[in-house]
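This report covers a few backbone details and one annotated span. Please look over the sequence and the structure before reading on.

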Amino acid sequence: MNTDNTTAQLVPNRDRIFKDLSGLVSFNSPHSTPELADQHSAAADWVTAAVAEHGFEVERHPTVDNADVIIGRRAGTDGAPTVLLYSHYDIVPAGDPAAWTSDPFTLTARDGRWYGRGASDCKGNIAMHLETLRMLEAAGGTDANLLVVVEGSEELGGGGLEKLIDEKPDLFRADVILIADSGNVAVGTPTLTTALRGGAQVRVTMKTLEGAIHSGTFGGAAPDPVAALIRTLDSLRDEHGRTVIDSLDCTQTWEGEPYTAETFRKDGGVLDGVGLMGDAEAGEQPSDLVWARPAVSVTGFTSTPVDQAVNAIVPQAQAQLNLRVPATMDPAEAAEALKQHLIDHTPWGAHVEVEIFDINHGFATDPDRPAIGLLGACLREAYAEDDPAVELAVVASGGSIPLTATLQKHFPDAAIAMFGVEDNAAGIHSVDESVHPYEIERVAVAEALFLQRVSQL
């Protein structure tokens, strides 16, 4: 292997990356959509062929959720570490194509970015891995044993891959696991994600009446389940809008790179004049609330749609809550605490039912581990080629990737790192999702540098 491993050797080809990503984005490949099963399978075919082109022995493993996991294996030098490169080929549904500025399944260059469903999450990361492999081959290769894993049901929780790991862990055994399903805090800022939140889904049903009753005849004295549910949900916020759950510590602070209010407002599209949650005068940052503390979001609410409203009090109301907890907190215990809080704060003797489901554990990695430190150094070096003063950002993510906890359980000695091509302007899961091509190029250079150097640790 060529040991003169510098960024000068590694020259990404933007046209080649665009071609790869165009092919991937062309597949409308959400999982569990029967009418699109052929598109999902075609995306898996494309990835299988693309990985095989680089000398990998590739196998497709069926899963219990009918989403093949693609595993490619390429041997390196005897005694060299094994590095697993992860991504996923499924996407979230694009919704109404007419809401997009351009066709969501035609990769389109506009204003310096490339637009299409999956451009960032996560097909852009597959294109990044492929460009890494090409640059490595041109620069003399790597001593590392390589394992490429691309799954097809991550957006629905990745349960099939997790079960496959539980049943056949040796298929995934590695010394270093690089999970490309995250990204940078901003274009041009190399970023390592060291923690993910865990969480659960919680459904609350409030009942007060046997059936709907006339609001003119009974309104005022009748116990309104919608009002009862609203009052109960309001008990989950204090005067500063911070989440509060009885018996849970909701006051922790984030010790790493801060997520400032200014950046958060811009990234989140917060309207002018609308305040953020938290006590800014006390020095609280958004990073405290989204990375270090429990958070409850109301993601669904059901009573009577406004366009169907009549003068009646409904007998029941429902809300769907998304609970997120920091990596250090047990999500099952937190969900039980939330359930008890809801029961204890239900007014007027209303009948309340609380259902907990889809519990997933958080994840934290040690940035001081040698392999993690090396990846961070390679990320900084890749971006420093254009900006010598650039610094590495070390952050958490408010999202969850349940796979990380499964891998950590089976391979406690493996170094697991999270990074990727997304940035906060990417609009993942939204209309007009995009990726900045510079991010794919620089992250691919960083990954190639890492694979050149990892055997030297």
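Ser 32 is found in the loop that runs between α1 (14-25) and α2 (37-52); helices here are DSSP runs of H or I with at least four residues, strands are runs of E with at least two, and both are numbered from the N terminus. The structure is a predicted model, in which local features need pLDDT of at least 70, side-chain atom pairs count only at pLDDT 80 or more, and totals for chains, interfaces and linings use all residues. Residues are numbered from 1 along each chain as its sequence is written, and side-chain values use heavy atoms, with hydrogens and water left out.

Most residues other than glycine have a negative phi, and most peptide bonds are trans.

| Residue | Phi | Relative accessible area |
|---|---|---|
| Ser 32 | near 65° | 53%, exposed |
| Trp 348 | near 65° | 49%, partly exposed |

Exposed means over 50% relative accessible area, buried under 20%, and partly exposed in between (1.4 Å probe, protein chains only). Trp 348 lies in the loop between α9 (331-344) and β14 (351-360).

A cis peptide bond joins Asp 121 to Cys 122, with omega near 10°. Cys 122 belongs to the loop between β5 (113-115) and α3 (123-139).

An unreviewed UniProt entry lists residues 195-348 as "domain: Peptidase M20 dimerisation"; UniProt positions are given in the numbering used here, feature names are shortened, and annotations may be inferred rather than shown by experiment.
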